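Dear colleague,

Please find below the structure that I am handing over to you.

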Amino acid sequence: QQITNHLPTAELQALDAAHHMHPFSTQSELAAKGARVITGASGVTLRDSEGVEILDAMAGLWCVNVGYGREELAEAAARQMRELPYYNTFFMTTHVPAIALSARLAELAPGHLNHVFYAGSGSEANDTNLRMVRTYWAEMGKPSKQIVISRWNAYHGSSVGSGSLGGMKGMHAQGGMPIPGIEHIDQPNWWAEGGDMSPEEFGLERARQLEKKIDELGEDNVAAFIAEPVQGAGGVIVAPDTYWPEVMRICRERDILFIADEVICGFGRTGQWFGSQTLDLAPDIMTIAKGLSSGYQPIGGSIVSDKVAEVIGATEFNHGYTYSGHPVACAVALENLRILDEEGIVTRVREDTGPYLKEKFEGLMDHPMVGEAKIVGMMGSIALTPDKAARARFASDAGTVGYMVRERCFANNLIMRHVGDRMIISPPLVISKSEIDTLIERAWQSLDEGM
Ligand code: PLP
């Protein structure tokens, strides 16, 4: 039997549930309800097997920054596949797509970040980072500096290393994570955890947890701190203004490296090329993936500072992936960066459509069920609450209400995601003002129905 778009949806769903194990899903739920079959997409709009159009306010998984249906990216892939479909960069060889992309990334990244190590995904890139910072300190003659500090509720990937760096307790409960040598501190989520403190006091308190943790572990044992500029999959948690300057002070004074995970925040999402620029951070390494190719090809990597690259480069770094610097992925990423730049997409997010989205999104605060609305560039979240004055959380399983609202959005042909009791958006950066209006209308309607 030929399996094509032309099969009835129910048949596709049954085959899918029978043979395809989905990530982060309950397979029995898929079998009972049937997954929505996505058959095509253009701009910010997905189309399903019933011909229904859906506004994708998540840009896939926070990645389709230039929108769907870009012929230029298809062309770049086809051209590269014909010319050189694969070669590696392991043993004293290289190729032009990897050279060109690395040079371009060095140009776009803050001044001291000039070296790129490639991976196939963000997870792999964070595995690289874990090994790279430990190797850095060993080569610096401080081999005891091996512990990496991260934050609870962070998401840094799904491999054993990156999943351990992450702070998702549900993930840690399965399959032997976290691995030793990784410690977690609390996230700067004022709405949920700020208690009686002002956001400013709370930001300082959460930042100083890093210093306390370093004291507890001993500065000589700590290699690095890893964090996203804005925590994404953890619920789009925007730290209070006092948080980051204090974290940067601590990293500097306590001689530990800082890894900024830019997998979501990178490539225009926050209105600058990197979230580190929006929030004035000084990373030693930046993790990149997702928006690097707008998701058209799987590619990730680490942009490494001169300081770290010099030390790592003096020894053989016994690490790499078959698809590190895959030529097709590099060619597509390079073309994607050209589109972001030449169409002024990053500038538009910062100066035009981003501010428009912010105004509309913050307007959701007028809904009785919305306690907080936070947005930076084009990543935003709202906190659902039964009583906004009291900053109350839903009593039972907080996730239930979020799940319900997400289901209502889905039924209203809007993809928003929920993390516990927060609802998230991260639309393609090319979303127009009228599409933003539609997004907000559908979100409002779904909130009404979810009450
Ligand atoms: N880091 C962050 C901040 C992410 O959001 C993700 C994925 O969502 C990853 C790392 C892992 O990337 P990948 O799924 O490409 O392995």
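The notes below cover a pair of helices, a sheet and the surroundings of the ligand.

This is a predicted model, in which local features need pLDDT of at least 70 and side-chain atom pairs count only at pLDDT 80 or more, while totals for chains, interfaces and linings use all residues. Residues are numbered from 1 along each chain as its sequence is written. Helices (H or I, at least four residues) and strands (E, at least two) are DSSP runs, numbered from the N terminus.

L334 belongs to helix α14 (residues 327-342). L334 counts as buried because 22 other C-beta atoms lie within 10 Å; the term requires 20 or more other C-beta atoms within 10 Å of the residue's own, with C-beta atoms placed from the backbone. Leaving aside residues up to four places away in sequence, L334 touches P97, A100, L101 and R104; contact here means that C-beta atoms, placed from the backbone, lie within 7 Å.

Helix α5 (residues 96-108) packs against α14 at an angle of about 40°, and their axes are 8 Å apart. Axes are lines fitted to C-alpha atoms, for helices over the stretch in contact, and angles run from 0 to 180 degrees between N-to-C directions. The residues that make this contact include P97 and A98 of α5, and C330 and L337 of α14.

The sheet

Four strands form an open sheet in the order β11-β12-β15-β14, with antiparallel pairing; two strands pair if DSSP finds at least two bridges between them. β11 and β14 (417-419) stand at the edges with a single partner strand each, so one side of each has no neighbour in the sheet. From one strand to the next, the twist averages 25°.

Strand β11 (residues 370-376) is largely enclosed by the rest of the structure, because five of its seven residues are buried. Six bridges join β11 to strand β12 (residues 379-384) in the antiparallel sense, and I375 stands opposite G380 in β12. Two residues lie between the strands of this hairpin, where G377 takes a positive phi near 60°. β14 and strand β15 (residues 422-425) pair over three bridges, with H418 opposite M423 in β15.

The ligand

Which residues come nearest to the ligand? Of the 17 around it, they are S121, G122, S123, G157 and V263; a residue is near if its C-beta atom, placed from the backbone, lies within 6 Å. Helix α6 (residues 122-139) gives the largest share of this shell, three residues.

Yours sincerely

Conventions
Buried ≥ 20, exposed ≤ 12 C-beta atoms within 10 Å, placed from the backbone. Contact = placed C-beta atoms within 7 Å.
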